[in-house]
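Below are my notes on the model you sent.

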Amino acid sequence: MNAQGKLGIALVGLGEYSEKQLAPALQETNHCYLAAIVTGTPGKVDKWKGKYKIPDKNIYNYKSFDAIKENPDIDIVYIVLPNALHAEYVIRAARAGKHVICEKPMAITVEECDQMITACEEAGVMLSLGYRLHFEPYNLEMMRLGKEKPFGNWLSITAENGIQGTSGWRLDKSLAGGGPLMDLGIYCVQGCRYTTGMEPIAVTAKEAAKTDPEKFRSVEEGLSWVMEFPDNIKAACTTSYSKEMNKLRAEAENGWAELGPAYEYSGIKGQSSQGKMEFPEINQQAKQMDDFAQAIKDKRPSPVPGEMGRQDVIILQAIYKAMATGQRIEIG
Ligand code: NAD
């Protein structure tokens with residue numbers, strides 16, 4: 001904690017998301033600040049050091065990372081690496097005695113999630129996920145509508161999240177764990193879970209035909225799936241790396257509600273059968289990180305804990321199993 005009472009965050013992995021979203025958001029936070037960086041690319045150090053006034057003693061690489069244990073400036077470690085590396089770095093951060101935020105998806109297997117949760121429990125540190133939409137007013141409104149039921153019970157949900165084009169490690173199953181489902185479809189899984197406040201009990205899935213089998217040789221290019229929730233609520237979801245989509249819509253007995261775009265960093269819009277939703281624009285990442293810092297200070301649980309990330313990985317794995325087998329897969 002610094003003299004102003006803010007907790008120090010170390011960003012691990014200085015790629016797009018750290019550079020363009022998290023570091024700028026950390027200039028707007030009230031309860032935490034950018035204290036340290038961990039990077040494998042020495043060429044990035046000068047730029048970050050200069051821009052954010054990070055002292056040399058708070059700059060680490062992946063080999064020196066474990067020495068953060070001795071650094072009292074660092075309270076929280078934020079893992080922003082390719083998905084397959086999340087488990088290793090969350091566990092190392094926990095063993096260094098630091099609280100951890102892990103980017104989505106939490107990991108590429110449920111076993112890894114278990115190991116991450118155990119490591120944090122054993123170290124007595126808190127673990128949360130980078131689920132920024134749990135702090136975003138339009139998505140919070142979908143949660144409220146699901147809870148308070150002004151339109152009656154939900155009957156069905158449609159969730160779509162896709163982009164046109166991707167590259168790098170996201171096309172490599174060994175680093176990403178899968179294709180757009182792991183990267184973008186996870187927002188649909190989350191959206192359906194927080195809109196209904198329920199857990200899916202079974203899933204069916206179908207892979208989209210590949211338009212570029214060479215590019216998408218190790219991961220799916222697109223995928224549609226249906227999640228069955230209790231009370232016979234069905235959620236039809238789609239994700240893709242070759243089609244722009246960004247929607248979350250829920251039909252109820254006496255009305256409906258819809259967000260579109262639903263999952264962007266800004267510019268989210270919503271409407272319902274009662275009219276246009278109007279909420280202020282906020283910095284999602286700043287809210288998310290501030291909430292975790294406050295949760296640590298107040299010794300209260302995070303609303304986006306490791307267990308929530310683990311449940312998403314269980315569902316993602318069930319969707320892949322349904323896709324591979326063509327069977328309806330029950331989720332335990
Ligand atoms: P990126 O490719 O821009 O950055 C990844 C970083 O990891 C790079 O700095 C790279 O040098 C480093 N790295 C270390 N080891 C690597 C390896 N073996 N292979 C490749 N890169 C390696 O990716 P990103 O978009 O910043 O995504 C990072 C994580 O953040 C992912 O888990 C992603 O899902 C998540 N993310 C979350 C959001 C969100 O809205 N919550 C948005 C974007 C990304």
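1. The largest pocket is the space that the ligand takes up. This is a predicted model, and the points below should be read with that in mind.

2. The shell around the ligand consists of 22 residues, and the closest among them are Glu16, Asn83, Lys104, Arg132 and Trp169. Sorted by class, the shell holds 11 nonpolar, 4 polar and 7 charged residues.

3. Which helices each supply at least two residues of the shell? They are α1 (16–25) and α7 (180–196).

4. For Lys104, a polar backbone atom is 2.7 Å from a ligand oxygen. For Tyr17, the distance from a polar backbone atom to an oxygen of the ligand is 3.0 Å. At Leu81, a backbone N or O atom lies 3.1 Å from an oxygen atom of the ligand.

5. How much of the ligand's accessible area does the protein cover? On its own the ligand has 840 Å² of accessible area, and the protein covers 79% of that.

6. A separate point concerns Glu121, which is part of helix α4 (residues 110–123). Is Glu121 buried or exposed? Its relative accessibility is 56%, and the cut-off for exposed is over 50%, so Glu121 counts as exposed.

7. Glu121 can also be placed relative to Ala94. The two residues are 27 positions apart in sequence, while their C-alpha atoms are 8.6 Å apart in space.

Note on methods:
Residues are numbered from 1 along each chain as its sequence is written. This is a predicted model: local features need pLDDT of at least 70, side-chain atom pairs count only at pLDDT 80 or more; totals for chains, interfaces and linings use all residues. Side-chain values use heavy atoms; hydrogens and water are left out. Helices (H or I, at least four residues) and strands (E, at least two) are DSSP runs, numbered from the N terminus. Buried means under 20% relative accessible area, exposed over 50%, partly exposed in between (1.4 Å probe, protein chains only). A residue is near a molecule or strand if one of its heavy atoms lies within 4 Å of it. A polar contact is a pair of N or O atoms within 3.5 Å; within protein, one must be able to donate a hydrogen and the other to accept it, and residues adjacent in sequence count only if both atoms are side-chain atoms. Accessible areas come from the Shrake-Rupley method with a 1.4 Å probe; for residues, only the protein chains shown count as cover. On a 1 Å grid over the protein atoms alone, a cavity is a set of points where a 1.4 Å probe fits but cannot get out, and a pocket is an open set with protein on both sides within 12 Å along at least five of seven lines; lining residues have an atom within 4 Å of a point. A molecule sits in a cavity or pocket if more than half of its atoms lie within 2 Å of its grid points. Ala, Val, Leu, Ile, Met, Phe, Trp, Tyr, Cys and Pro count as nonpolar, Asp, Glu, Lys and Arg as charged, and the others, Gly among them, as polar.
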